[in-house]
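Here is a short briefing for a first look at a protein chain. Please keep the sequence and the 3D view side by side as you read.

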Amino acid sequence: MERRLIKKYRKEYKWSNIGAMLRNQRLDPRICTEDFDGRLVVITGATSGIGLVTAQKYVSHGAKILCVNRDERKSVELCEALKNQYGAQCAYMVADFAKLADVHAVGRRLAALDEAIDVLIHNAGVYLTQKTFTTDNLEMVFQTNYLSTYILNYYVKEKFIKQKKGRILFVNSEAHRFAVWGLHLDDLAWDRHRYSGLKSYGAAKTAQLLSMIKLNDYFAGSGVTVNAMHPGNVQTNSGQNNGGLYKLFKKLVIDRFARPLEISAESLYYLGVSSELDHTSGRFFNLTTEEEPAPPALDRDAAEKLWVLSYELGGFKNEGK
């Protein structure tokens, strides 16, 4: 089966897409000047990095923020800062995405909200150079970066349908292209394949894009859109728990060429608010420039299999959903 997929994907790869990616890395994002007064934006992982500057961008245009973070103290500090600086309405929920029970609890709360969610931004994530497992016995990067987003989306999808509006955004990555031959759905623990930080991260981001295929089909004609974006090479604290060697490499190589975080925030605001995208769904953007994802991220058969597997791994069978 794997050999067949390698042959299939090899035929579908286009050098022009790699060239487009490299050119687009240097572009600036499109700017949206529309306000978002009183609209509710849910952001995961909003206490630092891309999530923080994105929250600041949205509230500067009048939006209300509901953040989902791992750390309660930092969540309180974030809301106080947004209220003091912008007069914003800010609330928070606490969840560690490395614990499925936490993700389910937040999913239920989001689904039960009385007001509409206008934009849901899946930003929380982790990059690990060493294979690590959660207390749910799942590989950490897959669970934190992908499965948690699947669970939250599964809970809120009916809410979005009833709203007849709303946008879901994945903070994805060009790193999905490192999952060159697709997902190893029969080896998510990386027992039979060599683990690396780039491979596991790329696999999780590919999984996000495959789930976007299913969600886009589900929301067709409903007024709800779902898109994904690469946030650019920007300075974040991602990977700080990977040891001294990686931190030195990040400081001297990765961060040296990094751009300001604000370009990510501008992009997420444009994708979440601009009326130019009212009917745009199921797309992948490098900042705000549309690109074609790698072939494994466009595989509908893989998307179907992943959706069923995620339902089981996410524990929905046990919940009777």
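Predicted model: local features only at pLDDT ≥ 70, side-chain atom pairs only at ≥ 80, totals over all residues.

Residues are numbered from 1 along each chain as its sequence is written, and side-chain values use heavy atoms, with hydrogens and water left out.

**Confidence**

- The mean pLDDT of the protein chain is 92, and 91% of its residues reach 70 or more; pLDDT is the predictor's confidence in each residue, from 0 to 100.
- Residues 242-254 have a pLDDT below 50. Beyond near neighbours in sequence, this stretch has 18 contacts in the model (contact means heavy atoms within 4.5 Å).

**The sheet**

- Eight strands form an open sheet with mixed pairing, in the order S3-S2-S1-S4-S5-S6-S7-S8. Strands (E, at least two residues) and helices (H or I, at least four) are DSSP runs, numbered from the N terminus. Two strands pair if DSSP finds at least two bridges between them.
- S3 and S8 (289-291) stand at the edges with a single partner strand each, so one side of each has no neighbour in the sheet.
- On average, neighbouring strands of this sheet are turned by 25° against each other, direction ignored. Axes are lines fitted to C-alpha atoms, for helices over the stretch in contact, and angles run from 0 to 180 degrees between N-to-C directions.
- S4 (residues 119-122) pairs with S5 in the parallel sense over four bridges. Leu120 has Ile168 in S5 as its bridge partner.

- All six of the six residues of S2 (residues 64-69) are buried, so the strand is largely enclosed by the rest of the structure. Buried means under 20% relative accessible area, exposed over 50%, and partly exposed in between (1.4 Å probe, protein chains only).
- Lys64, Leu66 and Val68 lie on one side of S2, with Ile65, Cys67 and Asn69 on the other. Side chains in a regular strand alternate between the two faces of the sheet.
- S1 (residues 40-44) runs parallel to S2, joined by five bridges. Val41 is paired with Ile65 in S2.
- S2 also pairs with S3 (residues 90-94) in the parallel sense, over five bridges. Here Val68 stands opposite Met93.
- S1, helix H3 (residues 49-60) and S2 make a right-handed β-α-β unit. Right-handed means that, with the strands pointing away from the viewer, the path from the first strand over the helix to the second runs clockwise.
- S2, helix H4 (residues 72-86) and S3 make a right-handed β-α-β unit.
- Helix H5 (residues 100-111) lies across S1, S2 and S3, at about 145° to S3.

- Seven of the seven residues of S6 (residues 224-230) are buried.
- Val224, Val226, Ala228 and His230 point one way, and Thr225, Asn227 and Met229 the other.
- S5 (residues 166-171) and S6 are parallel, with six bridges. Leu169 stands opposite Asn227.
- Three bridges link S6 to the parallel strand S7 (residues 284-286). His230 stands opposite Asn286.
- S5, helix H7 (residues 197-218) and S6 make a right-handed β-α-β unit.

**Val94**

- Val94 lies in S3. Its relative accessible area is 35%, so Val94 is partly exposed.
- Leaving aside neighbours within four places in sequence, Val94 is in contact with Asn69, Arg70, Glu72 and Val106.
- Trp15 is 79 residues from Val94 in sequence and 43 Å away in space, C-alpha to C-alpha.
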